[in-house]
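Please read the following note with the sequence and the structure at hand. It is set out as numbered points, each of which may be checked against the display.

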Amino acid sequence: MKIFSKDNKYGRTVRTFLQAIIGICVFVLGLLAIPGVQSFLSDNQVASVTTLAFVIAVTTYVYNSAEQLIHWLFGDGE
């Protein structure tokens, strides 16, 4: 599937977004296992997991676009 391709910037962005979601969910579930953390997070209105994953996806898209622009401007260095 092209949407998950590592050869285009959209595919790399989608793959990184999914990896971020999985990694963040595992991390948050580990945090929630610690007594008192869940009430602290809800009391302080900490940003949601999807917001952080979205920021990671946007950052990845910008990085991939910049990388593509650099390759277009300066070539592959060969």
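1. The structure is a predicted model. Its mean pLDDT is 76, and 86% of the residues score at least 70. Among the elements, the lowest mean pLDDT, 76, belongs to helix 2 (residues 37–43), while helix 1 has the highest, 80.

2. Overall architecture. The protein contains three helices and zero strands. Followed along the sequence, the pattern reads α-α-α.

3. Burial and surface. Of the 78 residues in the protein, 14% are buried. The exposed surface comes to about 6,200 Å², and 68% of that area is supplied by carbon and sulfur atoms.

4. Contacts along the chain. Which share of the contacts with a separation of 6 or more comes from residues 24 or more positions apart? The share is 58%.

5. Helix 1. This helix covers residues 9–32, that is, 24 residues. The buried residues of helix 1 are Lys 9, Gly 11, Thr 13, Ala 20 and Ile 24.

6. Ala 20. This residue belongs to helix 1. Ala 20 has a relative accessible area of 11%, so it counts as buried, the cut-off being under 20%. When residues up to four places away in sequence are not counted, Ala 20 touches Ala 53 and Ile 56. The C-alpha atoms of Ala 20 and Ala 57 are 8.0 Å apart in space, although the two residues are 37 residues apart in sequence.

7. Asn 64. This residue is also located in helix 3. Its relative accessibility is 4%, and Asn 64 therefore counts as buried.

8. Tyr 63. Tyr 63 lies in helix 3. The relative accessibility of Tyr 63 is 52%, so this residue counts as exposed, for which the value must be over 50%. Tyr 63 and Thr 13 are separated by 50 residues in sequence, and their C-alpha atoms are 9.4 Å apart in space.

9. The nonpolar patch. Which residues form a nonpolar patch on the surface? They are Tyr 10, Leu 52, Phe 54, Val 55, Val 58, Tyr 61 and Val 62, and together they have about 670 Å² of accessible area. Helix 3 (residues 49–74) gives the most to the patch, with six residues.

10. Leu 52 within the patch. Leu 52, one of the patch residues, is placed in helix 3. Its relative accessible area is 44%, and Leu 52 is therefore partly exposed. A value of this kind lies between the limits for buried, under 20%, and exposed, over 50%.

Technical notes
Residues are numbered from 1 along each chain as its sequence is written. This is a predicted model: local features need pLDDT of at least 70, side-chain atom pairs count only at pLDDT 80 or more; totals for chains, interfaces and linings use all residues. Side-chain values use heavy atoms; hydrogens and water are left out. Helices (H or I, at least four residues) and strands (E, at least two) are DSSP runs, numbered from the N terminus. Buried means under 20% relative accessible area, exposed over 50%, partly exposed in between (1.4 Å probe, protein chains only). Contact means heavy atoms within 4.5 Å. Accessible areas come from the Shrake-Rupley method with a 1.4 Å probe; for residues, only the protein chains shown count as cover. Patches are made of residues with over 30% relative accessible area and no salt bridge: like charges are joined within 9 Å, nonpolar side chains (Val, Leu, Ile, Met, Phe, Trp, Tyr) within 5 Å. A salt bridge is a side-chain nitrogen of Lys or Arg within 4 Å of a carboxyl oxygen of Asp or Glu. The expected span of a helix is 1.5 Å times one less than its number of residues. pLDDT is the predictor's confidence in each residue, from 0 to 100.
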